[in-house]
Amino acid sequence: MQLTLEFGGGLELLCDSIKIHNVNVEPQGEEKKITVRHLLSWVRTNLIKERPEMFMKGDTVRPGVLVLINDCDWELSGQLETVLEEKDVVVFISTLHGG
C-alpha cells in the first residue's frame, strides 16, 4: 500500500531530517488491511533512525504528537484502529517544544 508520511515539529530529526517519505507498507500475516497501529510499528522499524522513544510510547505515539490522516485528526477516525487506504497521507507533528 502506497502511503505518504510527513514528519514535522522536530520529528523529522528522528528520520535523518527527511520530512516527507513516500513508502510502500505491506499488510502483516493474513490481514488485508493496514491500521495505524501496524503503520506505527512499521515506522519504528523502518524509518526512525534514532531515539524512537521520542516518537512512540508503548504501541502508540507519545503524548504531544499530533497525528493527521488526510488532514483529519486521528482521534476522530479511530486512532490506532483507523484503517488506512491506498495513497493516504499521514502526518505526525510534535507539539512539544523546548523553552
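**View 1. Thr 4 sits in strand S1, residues 2-8.** Strands here are DSSP runs of E with at least two residues, and helices are runs of H or I with at least four, both numbered from the N terminus. Thr 4 counts as buried because its relative accessibility is 18%, where buried means under 20% relative accessible area with a 1.4 Å probe and protein chains only. Beyond its neighbours within four places in sequence, Thr 4 is in contact (heavy atoms within 4.5 Å) with Ile 20, His 21, Asn 22, Asp 88, Val 89 and Val 90. Do keep in mind that this is a predicted model, in which local features need pLDDT of at least 70, side-chain atom pairs count only at pLDDT 80 or more, and totals for chains, interfaces and linings use all residues. Residues are numbered from 1 along each chain as its sequence is written, and side-chain values use heavy atoms, leaving out hydrogens and water.

**View 2. Five strands make an open sheet with mixed pairing, ordered S2-S1-S9-S6-S7.** Its edge strands, S2 (20-24) and S7 (72-73), each pair on one side only; pairing takes at least two DSSP bridges between two strands. S1 and S2 run antiparallel and are joined by five bridges, and Glu 6 has Ile 20 as its bridge partner in S2.

**View 3. Helix H1 (residues 36-46) lies across S1, S2, S6 (65-69) and S9 (89-94).** H1 runs at about 65° to S1, with axes fitted to C-alpha atoms, for helices over the stretch in contact, and angles taken from 0 to 180 degrees between N-to-C directions.

How values were computed
Buried < 20%, exposed > 50% of the residue type's maximum accessible area, 1.4 Å probe, protein only.
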